[in-house]
Amino acid sequence: DNFGIKEALQRLQIKDENLGTSTGNDWIDTNGEYITSSSPADGAVIAKVQVSSREAYEQTISKAEDAFKVWRKMPAPQRGEIVRQIGNALRERKEDLGKLVSYEMGKSYQEGLGEVQEMIDICDFAVGLSRQLYGLTMHSERPGHRMYEQWHALGIVGIISAFNFPVAVWSWNTMLAWVCGDVCVWKPSEKAPISALACQHIAASVFKANDLPEGISSLIIGDYKVGEYLSHDPRVPLVSATGSTRMGKLVGEAVGARLGRSLLELGGNNAIIITENADLDIAIRGALFGAVGTCGQRCTSTRRLIIHESVYDEVKNRLASAYTKLVIGNPLDEKNHVGPLIDKDAVEGYLGAIEKVKAEGGKEVVAGGVLEGEGYESGCYVKPCIYEAENHFQIVQHETFAPILYIMKYSQLEEAIQKHNGVPQGLSSAIMTTNMREAELFLSVAGSDCGIANVNIGTSGAEIGGAFGGEKETGGGRESGSDAWKAYMRRQTNTINYTTELPLAQGIKFDI
Ligand code: NAD
């Protein structure tokens, strides 16, 4: 029965055929085409979901506009209370939703549970934040004046998400946006829409139980064409988009053309520098999970290892030997380490990248290949592989969303940092060293140019408490912790005169 997935789907209110456009508890029937979502784990159909039409989108936006007028006036701590209840509803459904994420996306059940835990954590964070949306006060240069700033809700936040974190990315955005007073319209990846339906049911039940209007949490379904409704729509002041750099450039351009705001979370090309002072046990474990975890389909997956020449052979051999112990198979079966790629297109991309690195002169350390036979019928299971490569190779400069690790040598740390930064992307990075000077140089302004820089932990994965995102072609956006909430609000500076005079700023005289 595939680890109880059928029962989990039932409890999550997923039917064989589902409507896809929702403003909360209301679902709009478009009589339109359907997307079929199949599991990369076994190739079986999970469910079908209807694609949103332009008319359904218009109805959704109109409901969202109405809801915003109500929601923005509710005190932020009361909005936090709703988010607290959503966190509790997620706790109740953690196993079911984690299982669905694992089955639909292909990540291990443990990682599916971890993704739902991340949603719960961001709910908790947002509840606290709902009492901490602080503005500053300033001293006015004019006598008898007071100056301060306040943060107001923006309006409708459009969320476009990628397949690899099919539920967490939505929660990073919505939970903050909701306590900030915004309403949200979510277009999930067309490769993992069923997990999104499940989230919508969970959130909608809480809004209903609290007698809140339709339109605070909306869902639209489809591919890039439906995503474009959001990016081109001036009624959507912020579009938060997670996915490939190619997508981010298109969304950023469309939103920029109407001078809207975009928050872009795009591809990475993450490296670990392993110095001669590294604790190699930690370095190898960190590199291994970073490179093969989630079958190399995390934006923070480790793609490159830049290894000091004195430890190069040891790291290479120990990693190669660890790769032989990896067990690849059904992600719901907890004895497996590595699940499938998302679909057969991703398998083609993986095979193409292996051809390219070989053609550019890369040397095979651990061979790749597609797995066949019992348990691998979906055609999406591949072998994690390692190549010795040069940083300037075209394929190394490019993010391949698959478990391919490129390794290279260095002799001076400055050279390693140059290689490290010598790619178009700038998401996550790490140095493995027990030497304080090396660590601090890596974290300094002359070190890693990424949004995330770690010491003695790998590149992969992050906690919700910090701001998450990256530089350069990773898009510059920040989500989740720290003060990332500011992206979801508009800042207003207020000056109040409590005197009978009207002095101008900068001492300007204008007397008649
Ligand atoms: P993708 O770019 O193919 O799709 C992402 C989303 O964008 C989907 O919902 C898709 O329908 C939509 N989309 C595509 N083109 C669009 C357009 N022109 N207008 C509007 N919407 C459009 O990405 P994917 O394959 O689902 O995900 C993998 C990518 O996501 C990788 O590059 C990965 O690094 C990146 N990613 C980044 C982060 C991060 O936080 N930086 C997190 C997760 C994934």
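**Stop 1: the ligand shell**

Select the residues around the ligand: they divide into twelve nonpolar, eleven polar and six charged. In this division Ala, Val, Leu, Ile, Met, Phe, Trp, Tyr, Cys and Pro count as nonpolar, Asp, Glu, Lys and Arg as charged, and the others, Gly among them, as polar. The shell holds 29 residues, of which the closest are Ala162, Gly227, Gly243, Glu265 and Cys299; a residue is included if its C-beta atom, placed from the backbone, lies within 6 Å of the molecule.

Which helix supplies the largest share of the shell? That is α8, with four residues. Both α8 (224-231) and α9 (245-257) supply at least two shell residues each. Helices (H or I, at least four residues) and strands (E, at least two) are DSSP runs, numbered from the N terminus.

**Before continuing: numbering and confidence**

Residues are numbered from 1 along each chain as its sequence is written. The model is predicted: local features need pLDDT of at least 70, side-chain atom pairs count only at pLDDT 80 or more, and totals for chains, interfaces and linings use all residues. The protein has a mean pLDDT of 97, with 100% of its residues at 70 or more; pLDDT is the predictor's confidence in each residue, from 0 to 100. For the complex, the predictor gives an ipTM of 0.98 and a pTM of 0.98.

**Stop 2: Glu265**

Select Glu265, which an unreviewed UniProt entry lists under "active site". UniProt positions are given in the numbering used here, feature names are shortened, and annotations may be inferred rather than shown by experiment. Glu265 is in strand β12 (residues 261-265).

Is Glu265 buried or exposed? Glu265 is buried, because 30 other C-beta atoms lie within 10 Å. A residue is buried if 20 or more other C-beta atoms lie within 10 Å of its own, exposed if 12 or fewer, and partly exposed in between, with C-beta atoms placed from the backbone. Setting aside residues up to four places away in sequence, Glu265 touches Thr242, Gly469, Gly475, Gly477 and Glu479; contact requires C-beta atoms, placed from the backbone, within 7 Å.

**Stop 3**

Select residues 94-105, helix α4. Ten of the twelve residues of α4 are buried, so the helix is largely enclosed by the rest of the structure. Among the buried residues are Asp96, Lys99, Tyr103 and Met105. To see what covers them, display elements including α1 (5-11), β4 (34-38), β5 (45-50), α5 (109-129) and α7 (193-209). Just after α4, Gly106 takes a positive phi of about 105°.

Next, select residues 168-180, helix α6. Its 13 residues reach 18 Å from first C-alpha to last, close to the 18 Å expected. In α6, 13 of the 13 residues are buried, so this helix is largely enclosed by the rest of the structure. Gly181 follows α6 and has a positive phi, near 100°.

**Stop 4**

Most residues other than glycine have a negative phi. Select Lys472 in strand β22 (residues 471-472): although it is not a glycine, Lys472 has a positive phi of about 55°. Lys472 counts as partly exposed, because it has 18 C-beta neighbours inside 10 Å.

Gln506, in the segment after β24 (489-497), is not a glycine and has a positive phi of about 60°. Gln506 is exposed, with 6 other C-beta atoms within 10 Å.

**Stop 5: two distances along the chain**

Select Ile156, in strand β8 (residues 156-160). Its C-alpha atom and that of Val236, 80 residues apart along the chain, are separated by 5.1 Å. Ile156 is buried, with 24 other C-beta atoms within 10 Å. Beyond its neighbours within four places in sequence, Ile156 has contacts including Ile61, Phe68, Val185 and Val236.

Finally, select Asp121 in helix α5. Asp121 counts as buried, with 20 C-beta neighbours inside 10 Å. The C-alpha atoms of Asp121 and Tyr34, 87 residues apart along the chain, are separated by 33 Å.

Conventions
Two residues are in contact if their C-beta atoms, placed from the backbone, lie within 7 Å. The expected span of a helix is 1.5 Å times one less than its number of residues.
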